[in-house]
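The following paragraphs lead the reader through the structure shown below. Please keep the sequence and the model in view while reading.

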Protein chains: 2
Amino acid sequence: MRDLYHGQLEAIVDDLVALAHAVQRATHDATGALLTADAALAERVIAEDAAIDQKREEIEERTFELMALQQPVATDLRMLVAGLRMVAELERMGDLAVHIAKVARMRYPDRAVPPALHDTVCEMAETTEEMVGTAAEVIENRDVEVARRLEVDDERIDRMRRSILETLLSDDWAGGVEPAIDIALLGRYYERLADHAVSIGRRLVYLVTGDKPAHVG
Amino acid sequence: MRDLYHGQLEAIVDDLVALAHAVQRATHDATGALLTADAALAERVIAEDAAIDQKREEIEERTFELMALQQPVATDLRMLVAGLRMVAELERMGDLAVHIAKVARMRYPDRAVPPALHDTVCEMAETTEEMVGTAAEVIENRDVEVARRLEVDDERIDRMRRSILETLLSDDWAGGVEPAIDIALLGRYYERLADHAVSIGRRLVYLVTGDKPAHVG
């Protein structure tokens, strides 16, 4: 009985990892759609979000069943509740990728990101995508050191977002209001994606070490 | 033993309601700071967020204790897990109020909201604040009809946000890039606050009726 139980627990962790990889792909494709003005790719990200939502529901239902049938205590209970929170964060991250894809779709056939900001937005997007991948790795391997790396990456994201805002507000900015609003919101979406990756990392550190993080978002 | 248990369960619900009211106050004060350029009020919202974070932790810890000691099944277990999610949403809503207060602080002594947009932003802020109050009421009274009202309010929020974006992007907009970015982000913060209120309402409907909502964010 306990072996079946631990098998079910491991299956939930595996599904969380797979979901994190699906979110990483959505982030990657949304960025591709954004930077190359690829409307078909944007549509695919938007359409495929339903599968992420569906997966979230399945993981939640199986977690509740496990909780109700097995009455886990202490560590296992905290792990299952942490899993419920991570799955909610991953679904939210999928929504943010959809927001990015929708900006690409709205501006098609134009590109939403003007040439002057292409490199910085690209770097911010790539760092975010890496962080989502790191979150998947952290869930899979429960590696506290890797989880802590996310904090350093997040500082880079914050610096890039500030740099983008400075460009938009400088006297040199001749791009007008519409791209400025697009870019400000895009910066926010990537920042939130990165925040969720950090939050997943902090939950993991707390589960493994018992060190309550200063703030889990 | 069971009576003590239900007393503890009710105490957690009471604390959730109190936390929702604290978030409603934070939203109200952040809006006041924003619309009247009141730096002291903005500082208070930012400082008082620590108490919201602290309250979240307390509610979480007590929920875990209750889960571990009482081994609740079925309905009670789902209610406690829903409570854990609601408390996380409420804390996040407090963070969004802080973001609004920080825009007010950043632009002080100027007002971040230009006169042309004052009324629409004010209406959006008031609707959001009401929705947070409704979420508190929904948690307290488990009233499905009131919870469903939040969906209608949310449609109004979406319309107001679109109207604000149209103003920013119209040829008449002479406010420049900086206020446009501020307002676009503020619109996003209020929209997310409202989304969380809707999400709390949907969780409640699901708990009471068993009707799985199309999407709980």
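In which helix of chain B is the place of B:Leu169? B:Leu169 is in helix H5 of chain B, residues 144-169; helices here are DSSP runs (H or I, at least four residues), numbered from the N terminus, and strands are DSSP runs of E with at least two residues. This is a predicted model, in which local features need pLDDT of at least 70, side-chain atom pairs count only at pLDDT 80 or more, and totals for chains, interfaces and linings use all residues. Residues are numbered from 1 along each chain as its sequence is written, chains are lettered from A and ligands numbered from 1 in the order in which they are written, and side-chain values use heavy atoms, with hydrogens and water left out.

With a relative accessible area of 35%, B:Leu169 is partly exposed; the classes are buried under 20%, exposed over 50% and partly exposed in between, computed with a 1.4 Å probe on protein chains only. Residues up to four places away in sequence not being counted, B:Leu169 touches A:Val177, A:Glu178 and A:Ile181, where contact means heavy atoms within 4.5 Å. Along the chain, B:Leu80 is 89 residues from B:Leu169, and the C-alpha atoms of the two are separated by 45 Å.

Of the area that chain A buries against chain B, 16% is supplied by A:Phe64, A:Arg85 and A:Arg188, more than by any other three residues.

A:Arg85 also forms a salt bridge with B:Glu60, in which the closest N and O atoms are 2.7 Å apart. The count between chain A and chain B is 4 salt bridges, each being a side-chain nitrogen of Lys or Arg within 4 Å of a carboxyl oxygen of Asp or Glu.

Which residues have the most contacts inside the largest nonpolar core? They are A:Leu34 and B:Leu34, in a core of 150 residues; such a core is a set of buried Ala, Val, Leu, Ile, Met, Phe, Trp, Tyr and Cys residues joined through side-chain atoms within 4.5 Å. Apart from it lies another core of 6 residues, among them A:Val138, A:Val146, A:Ala147 and A:Val205. Beyond its neighbours within four places in sequence, B:Leu34 is in contact with residues including B:Ile100, B:Ala112 and B:Tyr190.

B:Thr31, in helix H1 (residues 2-36) of chain B, is in contact with B:Ile100, B:Ala125 and B:Tyr190, its neighbours within four places in sequence being left aside. B:Thr31 is buried, because its relative accessible area is 8%. A polar atom of the B:Thr31 side chain lies 3.0 Å from the backbone oxygen of B:Thr27. B:Arg107, in helix H3 of chain B, also counts as buried, at 15% relative accessibility. Residues up to four places away in sequence aside, B:Arg107 touches B:Ala112, B:Glu178 and B:Asp182.

Some backbone features remain. Most residues other than glycine have a negative phi, and most peptide bonds are trans. The peptide bond from A:Tyr108 to A:Pro109 is cis, with omega near 5°, and A:Pro109 is in the loop between H3 and helix H4 (115-141) of chain A. In chain B, a cis peptide bond joins B:Tyr108 and B:Pro109, with omega about 5°. A:Ala37, in the loop between helix H1 (2-36) and H2 of chain A, has a positive phi near 50° and is buried, with a relative accessible area of 12%.

Notes. Buried area is the accessible area (1.4 Å probe) that two parts lose on being put together, summed over both. A polar contact is a pair of N or O atoms within 3.5 Å; within protein, one must be able to donate a hydrogen and the other to accept it, and residues adjacent in sequence count only if both atoms are side-chain atoms.
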